[in-house]
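The sequence and structure come first.

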Amino acid sequence: MKREGTAPSTNSGTPQFGRTNLLRSHPLRHAVVMMVFLWIIFSVNSFRNPLTPIAMSDSNSGAAIRQLLFSSAGLVSLALLFLTRNLETVLTMNRRMLALSLLLPASVLWSAAPALTVKRSILFLFCLITLYTITYSSRKPVRQMLLIIVSSTAFIAFISIAIHFAFGQAYTVNPARPGLAGISSHPNSLAPVLSIGFILSLGLTYKSIRSMLIGRISQAFLAIGHILTTSITTLVATLVGCGLYVMLASSRYRRGALQLLIISAFALFNLIGWSNIKSAIFQATGKDESLSGRDQLWAAIVREGSKTPIFGNGFGAFWTEGKGRELVHTWNPRQSHNSYIDLWLDLGVFGCTIFFAAYLVPLWFRWPSIRGAPGSDQRRTISALYATMLSYLLIRGLG
């Protein structure tokens, strides 16, 4: 029998190369971390003043700030790699993913909006470079990533809850959608942020009682804030993520017992009827079964995507300003609210095939070599990462 946990610890740092120590000691690396913090905050609330009432608006506010922030993060990362003479090395070590990513700007050849494709492709590549830079500039990149995301999302949860109860709902609840929006403008924007923070927090290990206490308080704020958003899709993704974490982090015997439990639950649900369960959940939560109009949106987008099903419209080329209202008339979505329909809309069957081959297949084959032994810090960390990815790919990505 093959023994589990033969891989080195994920907290041992990245592979040694060239001038890694110089990259890890250069003061500019702190600027990259700060840019990532700002990136997370902006993604949540577009730097909206949290003490101003949430107003309904179709405008795409903050577009210029978004482009400036994301571009600056990429340029600072490139500068750090260049100054430490690690640019070529980092690009070489990640050449396969970078080569695949270059297919995004290549889609300008058939893009319906070439300028948008070029702009959004560059922002994506800047994001990728920023991720690589912050990874290789840390001695313990996995733990640093967990700390950055969990601490920033817990801070967002704390501020959102504090303003909600201290200043009233006018500042934290969207008039068109009940549920905590917090410092964001919509609960469906806040919910996934808190959800990801909570699932990833399961992978943190604590070296002292003080750090454990801070970690538990952070988890409490993340959980409370998440529940107050009343975002059902995200809540289901969180529950699935926690279940996946328990399964992945457990020993083989416990995994077998959990699998039997899941099979039994599926058998019971089949007897009750999935449509009956769905109706009961929506009725209990006060939600409509059309998923807030997503069914009409998806039908309209599928019709649009069927015009160019093989290669799509080009990366980022479909969602122009006001396109959502043109499609459904009643509201102005800026995405399909389904990751896979959006991927197909952008890059067609060709792009979907590359995505599954380049991203999902390695997840499956890498697990045995990086999972670590049951009960180890590495196993908990990797399980939290996998649980977050899989729950969002299986649940949140569909809704």
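## Overall make-up

In this predicted model, the protein chain holds 17 helices and 2 strands. The chain has 399 residues, and 43% of them count as buried.

Among contacts in the chain with a separation of 6 or more, 75% are between residues 24 or more positions apart. The accessible surface of the chain is about 20900 Å², and carbon and sulfur atoms make up 69% of that area.

## Helix H10

Helix H10 covers residues 209-229, which is 21 residues.

The buried residues of H10 are Gly-215, Ser-218, Gln-219, Leu-222, Gly-225, His-226 and Thr-229. Because these residues cover an arc of only 135 degrees around the axis, they sit on the same side of H10. The cover over them includes helix H8 (141-167), strand E2 (177-180), helix H9 (187-201) and helix H11 (232-249). On the face of H10 turned away from the buried side are the exposed residues Ile-209, Arg-210, Leu-213 and Ile-227. Just after the helix, Thr-230 has a positive phi of about 50 degrees.

## A nonpolar surface patch

Met-97, Leu-100, Leu-103, Leu-109, Trp-110, Ile-310, Phe-311, Val-349 and Phe-350 make a nonpolar surface patch of about 800 Å². Two or more of the patch residues come from each of helix H5 (95-101) and helix H16 (339-370).

One of the patch residues is Trp-110, which lies in the loop between helix H6 (103-106) and helix H7 (114-136). Its relative accessible area is 33%; this lies between the 20% and 50% cut-offs, so Trp-110 counts as partly exposed.

Asn-313 is found in the loop between helix H14 (294-305) and helix H15 (323-328).

Which residues is Asn-313 in contact with, leaving aside its neighbours within four places in sequence? They are Trp-110, Ser-111, Ala-112, Thr-308, Phe-318, Leu-345 and Asp-346.

Technical notes
Residues are numbered from 1 along each chain as its sequence is written. This is a predicted model: local features need pLDDT of at least 70, side-chain atom pairs count only at pLDDT 80 or more; totals for chains, interfaces and linings use all residues. Side-chain values use heavy atoms; hydrogens and water are left out. Helices (H or I, at least four residues) and strands (E, at least two) are DSSP runs, numbered from the N terminus. Buried means under 20% relative accessible area, exposed over 50%, partly exposed in between (1.4 Å probe, protein chains only). Contact means heavy atoms within 4.5 Å. Accessible areas come from the Shrake-Rupley method with a 1.4 Å probe; for residues, only the protein chains shown count as cover. The expected span of a helix is 1.5 Å times one less than its number of residues. The arc is that of the directions from the helix axis to the C-beta atoms. Patches are made of residues with over 30% relative accessible area and no salt bridge: like charges are joined within 9 Å, nonpolar side chains (Val, Leu, Ile, Met, Phe, Trp, Tyr) within 5 Å. A salt bridge is a side-chain nitrogen of Lys or Arg within 4 Å of a carboxyl oxygen of Asp or Glu.
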